[in-house]
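Subject: Structure handover

Hello,

Please find the structure below, followed by notes on what was found in it. Could you look through them before you set up your own work?

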Amino acid sequence: MCVVYAVASQKGGVGKTTSAGNLGIELARKGYKVLLIDTDAQGSLTSSLGFKEPDKMDITLKTIIENEVTGEEYDYRTLGILHHEEGVDLIPCNIELSGLEISLIKAWSREQILSKYIFKIKRYYDFIIMDCPPSLSLITINALTAADKVIIPVQAAYLSLKGLEQLITTIGMVKQGLNTRLGIDGILITMLKKRTNYAREIVDLLDETYGNVVHIYKSMIPLSVRAEEASAEGVSIYKHSPKCKVAKAYADFAKEVLGNV
């Protein structure tokens, strides 16, 4: 059975894309078949995996969604799927998705277009992980409607917590009206400066506010320049710096995710 995750946050710069990519690659390292889907028009996941200049790509997630909207037949098994050297497949995204989103407003069952594609492709994978836009857009709603579980990265900072309540509310609304199987797998604390009192206060506040209703992963991703360097190189943290603390943290996080399946 394939498990479909949406990695979602209302705020950018919280390690969402880095977390989606490294989780997928760690699962692939463990022998699972993994498909990563970049649903953010900025193409951050695409470029962080080494596919530079995504805006110049001709075939992306936008192409797939267009085919699903029009009902045009296409080879969904291969169209747009790129193969990364570390064992994951990727459906890239670029700025063209922003223009398409406007036209989706008039589409029939507009919240379920991505679900139609994932329903067909999921038989070929153990895990599908979608990196969502940092907003509650129609594309994000599509991802939540297609997902089984949501992973919410939260930076250890007060501003990162502000949009969390609205995101959790939105997930509840999608579960009630569009996707009854949807659940929150957990909140992942990222970019943590463990030795500061400020960071500890944030962690305590998060646990106090949400710990009784939402699972908070025990694994926390420390702040490190290594993660940024890996993204710039287009590889995972495991290939860039396999013995660093970030690599260990993401490996531990992947174990927790597998433990929740």
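Glu 68 is buried, because its relative accessible area is 12% (buried is under 20% relative accessible area, exposed is over 50%, and partly exposed is in between, with a 1.4 Å probe and protein chains only). The side chain of Glu 68 meets that of Lys 120 in a salt bridge at 2.6 Å, N to O (a salt bridge is a side-chain nitrogen of Lys or Arg within 4 Å of a carboxyl oxygen of Asp or Glu). Lys 120 belongs to helix H5 (residues 113-121) and Glu 68 to helix H3, so the pair ties together parts that are 52 residues apart in sequence. Helices (H or I, at least four residues) and strands (E, at least two) are DSSP runs, numbered from the N terminus. Lys 120 counts as partly exposed, at 23% relative accessibility.

A note on the source: this is a predicted model, in which local features need pLDDT of at least 70 and side-chain atom pairs count only at pLDDT 80 or more, while totals for chains, interfaces and linings use all residues. Residues are numbered from 1 along each chain as its sequence is written, and side-chain values use heavy atoms, with hydrogens and water left out.

Other salt bridges

The count of salt bridges comes to 13. One of them joins the side chains of Lys 16 and Asp 131, at 2.9 Å from N to O. Lys 16 is in helix H1 and Asp 131 in strand E5 (residues 127-131), so this pair ties together parts that are 115 residues apart in sequence. Both Lys 16 and Asp 131 are buried.

Another salt bridge is formed by the side chains of Glu 96 and Lys 62, at 3.6 Å, N to O. This pair links distant parts of the chain, with Glu 96 in helix H4 (residues 96-104) and Lys 62 in helix H3 (residues 61-70), 34 residues apart. Glu 96 counts as partly exposed at 34% relative accessibility, whereas Lys 62 counts as buried at 19%.

Helix H1

H1 is mostly covered, with twelve of its 14 residues buried. Among these buried residues are Lys 16, Ser 19, Leu 23, Ile 25 and Leu 27. Just after H1, Gly 31 has a positive phi of about 100°.

Two buried residues

Ala 8 sits in the loop between strand E1 (3-7) and H1, and is buried at a relative accessible area of 1%. Leaving aside neighbours within four places in sequence, Ala 8 is in contact with residues including Lys 16, Cys 132, Ile 151 and Leu 167 (contact means heavy atoms within 4.5 Å).

Thr 46 lies in helix H2 (residues 44-48), and is buried with a relative accessible area of 0%. Not counting residues up to four places away in sequence, Thr 46 touches Asp 38, Phe 51, Pro 54, Met 57, Leu 90, Pro 92 and Cys 93.

Regards
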